[in-house]
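This report goes through one protein chain, starting from single residues and ending with the chain as a whole. Keep the sequence and the structure in view while reading.

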Amino acid sequence: MDDLDRRLLAELRINARASVPELAQLLGVAAGTVKTRMDRLIDQGVIAGFTVRLRDDASDGTIRGVMMIELSGKNVKTLVASLRKNLGFAALHTTNGEWDLIAEIQVPALSDFHQVVTTVRTMEGIAKTESYLFLGPA
């Protein structure tokens, strides 16, 4: 992936509905170049799909946040596999530093967020957690 691919992806993050001619004008290249690049990025799996971004005041009511998790014990692979099945996790990432994992939580209600946090904290092999609710865009 080169600079043009990165610039194209940045424009698509701003507006995934932008047309090929619009993208070409923004990037200063031919429409055919944009189409070829997009097709390649899709074929390679770099672009997995296109999505809609809502206005900040058009929230769908989803409760979002993160949970940092420190693991302990010997059955780490089993524990991580179990955590991946948590229905409240939108994603689970390994990381470096103080925390072993960072979970993105996305649930319909605050009570569901509490349930996810409580469930994880009571699992064997969880040494420590810290969770944060997302209150809104910065």
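This is a predicted model: local features need pLDDT of at least 70, side-chain atom pairs count only at pLDDT 80 or more; totals for chains, interfaces and linings use all residues.

Gly 73 sits in the loop that links β1 and α4. Is Gly 73 buried or exposed? A residue counts as exposed when its relative accessible area is over 50%. Gly 73 has a relative accessible area of 63%, so it is exposed. Its C-alpha atom lies 8.7 Å from that of Ala 127, although 54 residues separate Gly 73 and Ala 127 in sequence.

Val 80 belongs to helix α4. The cut-off for a buried residue is under 20% relative accessible area. With a relative accessibility of 14%, Val 80 is therefore buried. Which residues does Val 80 touch, not counting those up to four places away in sequence? They are Leu 71, Leu 92 and Leu 101.

Two further residues fall between the cut-offs. Asp 2 is found in the segment before α1, the helix of residues 3-14. Its relative accessible area is 33%, so Asp 2 is partly exposed. Ala 31 is placed in helix α3, which covers residues 31-43. Ala 31 has a relative accessibility of 34% and therefore counts as partly exposed. When residues up to four places away in sequence are not counted, Ala 31 touches Val 20 and Ala 24.

The table lists pairs of residues with their separation along the chain and the distance between their C-alpha atoms.

| Pair | Separation in sequence | C-alpha distance |
|---|---|---|
| Gly 73 and Ala 127 | 54 residues | 8.7 Å |
| Asp 2 and Leu 133 | 131 residues | 36 Å |
| Val 80 and Val 20 | 60 residues | 41 Å |
| Ala 31 and Arg 64 | 33 residues | 38 Å |

The next topic is the nonpolar cores. In soluble globular proteins, nonpolar side chains tend to be buried together. In this chain, the largest nonpolar core has 17 residues. Which of its members touch the most other members? They are Ile 69, Leu 71, Leu 83, Phe 89 and Ile 105. Two or more residues of this core come from each of β1 (63-71), α4 (76-84), β2 (89-94), β3 (101-107) and α5 (110-121).

Ile 69 also has a list of contacts that leaves aside its neighbours within four places in sequence. Among these contacts are Leu 83, Phe 89, Trp 99, Leu 101, Val 120 and Ile 126. The list also includes the charged residues Asp 100 and Lys 128.

What elements make up the chain? There are five helices and four strands. Read from the N terminus, their order is α-α-α-β-α-β-β-α-β.

The C-alpha atoms occupy a box of roughly 55 × 35 × 25 Å along the principal axes. The radius of gyration of the chain is 20 Å, whereas a compact globule of 138 residues would have one near 14 Å. Of the 138 residues, 28% count as buried. Among contacts with a separation of 6 or more, 60% are between residues 24 or more positions apart.

The chain has an accessible surface of about 9,500 Å², and carbon and sulfur atoms account for 52% of it. There are 16 positive and 17 negative side chains. The centres of these two sets are 4 Å apart.

Technical notes:
Residues are numbered from 1 along each chain as its sequence is written. Side-chain values use heavy atoms; hydrogens and water are left out. The radius of gyration is taken over C-alpha atoms; the globule rule is 2.2 Å times the number of residues to the power 0.38. Buried means under 20% relative accessible area, exposed over 50%, partly exposed in between (1.4 Å probe, protein chains only). Contact means heavy atoms within 4.5 Å. Accessible areas come from the Shrake-Rupley method with a 1.4 Å probe; for residues, only the protein chains shown count as cover. The place of a charge is taken as NZ of Lys, CZ of Arg, CG of Asp or CD of Glu. A nonpolar core is a set of buried Ala, Val, Leu, Ile, Met, Phe, Trp, Tyr and Cys residues joined through side-chain atoms within 4.5 Å.
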